[in-house]
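This briefing is for a reader who has the sequence and the coordinates open. Topics are taken one at a time, with the ligand site ahead of individual residues.

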Amino acid sequence: MKPLTTVDGLVVPLDRSNVDTDAIIPKQYLKSVKRTGFGPNLFDDWRYLDPGEPGMDHSKRRINPDFVLNDPHYWGAEILLARKNFGCGSSREHAVWALTDYGIRVVIAPSFADIFFSNSFKNGLLPIVLDEAVVDRLFAEVSATPGYRLNVDLAAQTVTTPSGEAIPFEVGEFHKHCLLNGLDDIALTLEHADDIRAYEQRRRAEAPWLFR
Amino acid sequence: MTGKTLYDKLWDAHVVRTEADGTALLYIDRHLVHEVTSPQAFEGLRLAGRRPWRTDTVLAVPDHNVPTTHRDQGISDPVSRVQVETLDANVHEFGITFFPMTDVRQGIVHVIGPEQGATLPGMTVVCGDSHTSTHGAFGALAFGIGTSEVEHVLATQCLLQKKMKNMLVSVDGQVGPGVTAKDIVLAIIGEIGTAGGTGYAIEFGGDAIRALSVEGRMTVCNMAIEAGARAGMVAVDDTTISYVKGRAYAPTDELWDKAVAAWREFKSDPDAAFDRVVHIDAAGIAPQVSWGTSPEMVVPVTGRVPDPDEAGDPVKASGMKRALEYMGLEANTPVNQIAIDKVFIGSCTNSRIEDLRAAADVVRGRRVADNVKLAMVVPGSGLVKRQAEEEGLDKVFLEAGFEWREPGCSMCLAMNADRLESGERCASTSNRNFEGRQGQGGRTHLVSPAMAAAAAVTGHFTDVRDLTPPPG
Ligand code: SF4
């Protein structure tokens, strides 16, 4: 996993609550057996006017000019500003892969669905929870300021606005550590292989029907 | 000291170690695998040169992509076929138990786990699928995981987790006739909202839940995720234990007795403390119909489509307007005047034998209405299908004009050929009414199997309690 330390990026606002993973990446693209290549289909149903299928040439598709990702002002955005319960619905990690493949590195929202939240950290995507009132204000600032950028500093746990205001955010110690260092958490867990074996030995005695 | 909740007990029994910040390494007893969320996990194992920790805990099945007709001809969509073949190759390479499409035990992963006794009380059960919460019906800690976590469980038999908070949803009293587990859970989601359970593990309790069969409890736990909760669960009782007894992967003889004694402990202590408690009056629940594009957008069949102008909150009102537009509905329309184009009876929410019986009871002696273009029944597994056929349910459906299909996820998410066309309106027993879920531009209304059947035979939503007993 690529480490994430700071992101100084353009912000794209997605002003809808309960954005579900079916909307982030529609099911027809889940047939892929790879982790990459989902970026062109991020928000497919909203981004394009014609129905999409895997393998299509996206440059030939009909673009929905009203969808925010298609507004040239937001091209190259690395920070997605969203509303509450972002990433609800299915467990598909493809939703995170689509966001990162598109180039998004940070999502800011008042709340996230649990599975999406934990999937993000495994892929170098930082989900930041900020108060609803703060998010409201950021939405207002983004729409009033072309080229609006935010500076995210994971080590310091701050989001800094163009006016220099540093907004603090919370992040779990373990998640932060893994993200800052780009660590593979399977390797970390395997360092505790002896603990896992000891647990198994104990369980085998207590609940032998689980080991057959 | 206060007592422990069911969730506390399940959690404590599975903690291998805990880090300073509270992150725990949690041991996983059962890992269910399907074709969509596993290929990248197996690929990750291969790239890192790792082997699965304990293959005997893994059970794999293709369900999301499989066709529900002409199985003998294989999968015609080449992309879907590659995905199913990839699962096939992976299970062979790693030596994992597998029910291929041609096996009568094949079906939706959340139907077959319990059916085989692969889901047992007191277990931790995971799957790369958010509806893994279904298995909580057995007094198990069951939750959906992403693909990186699938790889993590394969490689280590553990997951890194933070403990969730405890919520009790108590459904007090008893539901009236014609009101099912699906109506109960839709009413709960309508009450607490799609994010109401975020950060919580929900235990469903109360007399109305106790009175449900295990199938009904699975329907309720299945949709815990639609209330935002990664895990839903119901305490173990005699109903649970008699369901498990005699199933293929369940323990037998002395091991059975030992297991049952242990399983009986998987219930909340009387003095257990919950972070949040919600009470719902069962008698007040009518058959439910969702009207919008989120499962919380739900009303009783006796009601009307709500009016955004009465929402009070502008953000909520704009979400409602967008949903009404997508759904092609006018505010204040009586629900029973909404006509439908298609009917889907299936999915891990409602495709077990009890669901098919409930639908068949309504359909028997009636015909699918003329305005309904397609009404289909997709059993949850090959074994459910076989049992239904032994009971003659297939004939009831076929005579009424339904299609009787092979098991799989089918039009619940429309990854195979079964889907809605743009603008089509469907009465569906599945669990998600998101935009495009059943096909781009498709309009999904979530209902119980009996309500889907009532809609099929009348052509619009109908209060199943008003249908006179069928002729004959
Ligand atoms: S039936 Fe639907 S909800 Fe259930 S596992 Fe399949 S796709 Fe997911």
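The model is predicted. The ligand sits in the largest cavity, and the shell around it draws at least three residues from each of the two domains of chain B, domain 1 (6-165 + 230-262) and domain 2 (288-466). Chain A is likewise divided into domain 1 (6-181) and domain 2 (184-212).

**Ligand site**

- The residues surrounding the ligand are B:His64, B:His110, B:Asp129, B:His131, B:Ser347, B:Cys348, B:Cys409, B:Cys412, B:Leu413, B:Asn431 and B:Arg437.
- Sorted by class, this shell has five polar, four nonpolar and two charged residues.
- Cysteine counts as nonpolar in this sorting, and B:Cys348, B:Cys409 and B:Cys412 are among the residues around the ligand.

**Domains of chain B**

- Domain 1 of chain B is assigned in two segments, 6-165 and 230-262, while domain 2 runs over 288-466.
- The C-alpha centres of these two domains of chain B are 28 Å apart.
- In the contact between them, 24 residues of domain 1 of chain B meet 24 residues of domain 2 of chain B.

**Chain A overall**

- Chain A contains eight helices and seven strands.
- Of the 212 residues in chain A, 58% are buried.
- The C-alpha trace of chain A spans about 65 × 45 × 25 Å along its principal axes.
- Among contacts in chain A with a separation of 6 or more, 64% are between residues 24 or more positions apart.
- The centres of domain 1 and domain 2 of chain A, taken over C-alpha atoms, are separated by 36 Å.

**Helix α15 of chain B**

- Helix α15 (residues 449-458) of chain B has nine of its ten residues buried, so the helix is largely enclosed by the rest of the structure.
- The buried residues of α15(B) are B:Pro449, B:Ala450, B:Met451, B:Ala452, B:Ala453, B:Ala454, B:Ala455, B:Ala456 and B:Val457.
- After α15(B) comes B:Gly459, which has a positive phi, near 85 degrees.

- A:Asn85 is not a glycine, yet its phi is positive, at about 60 degrees.
- A:Asn85 belongs to the loop between β2 (79-81) and α3 (94-102) of chain A.
- With a relative accessible area of 2%, A:Asn85 is buried, because the limit for that class is under 20%.
- B:Asp253, also not a glycine, has a positive phi of about 50 degrees.
- B:Asp253 is placed in helix α10 (residues 253-263) of chain B.
- The relative accessibility of B:Asp253 is 58%, so this residue counts as exposed, the cut-off being over 50%.

**Residues with contacts across the chains**

- B:Thr147 is part of helix α5 (residues 147-156) of chain B.
- B:Thr147 is buried, and its relative accessible area is 0%.
- Leaving out residues up to four places away in sequence, B:Thr147 touches A:Glu93 and A:Trp97 from chain A, and B:Thr37, B:Gln40 and B:Ala41 from chain B.
- A:Asp15 is located in the loop between β1 (6-13) and α1 (21-24) of chain A.
- A:Asp15 counts as partly exposed, at 49% relative accessibility.
- A:Asp15 and A:Phe112 are 97 residues apart in sequence, and their C-alpha atoms are 14 Å apart in space.

**A loop glycine in chain B**

- B:Gly392 occupies the loop between α13 (382-390) and α14 (393-400) of chain B.
- The relative accessible area of B:Gly392 is 21%, which makes this residue partly exposed.
- Between B:Gly392 and B:Gly319 there are 73 residues of sequence separation and 45 Å in space, C-alpha to C-alpha.

Technical notes
Residues are numbered from 1 along each chain as its sequence is written. Chains are lettered from A and ligands numbered from 1 in the order in which they are written. This is a predicted model: local features need pLDDT of at least 70, side-chain atom pairs count only at pLDDT 80 or more; totals for chains, interfaces and linings use all residues. Side-chain values use heavy atoms; hydrogens and water are left out. A residue is near a molecule or strand if one of its heavy atoms lies within 4 Å of it. On a 1 Å grid over the protein atoms alone, a cavity is a set of points where a 1.4 Å probe fits but cannot get out, and a pocket is an open set with protein on both sides within 12 Å along at least five of seven lines; lining residues have an atom within 4 Å of a point. A molecule sits in a cavity or pocket if more than half of its atoms lie within 2 Å of its grid points. Domain bounds come from an automatic or database domain assignment. Buried means under 20% relative accessible area, exposed over 50%, partly exposed in between (1.4 Å probe, protein chains only). Helices (H or I, at least four residues) and strands (E, at least two) are DSSP runs, numbered from the N terminus. Contact means heavy atoms within 4.5 Å.
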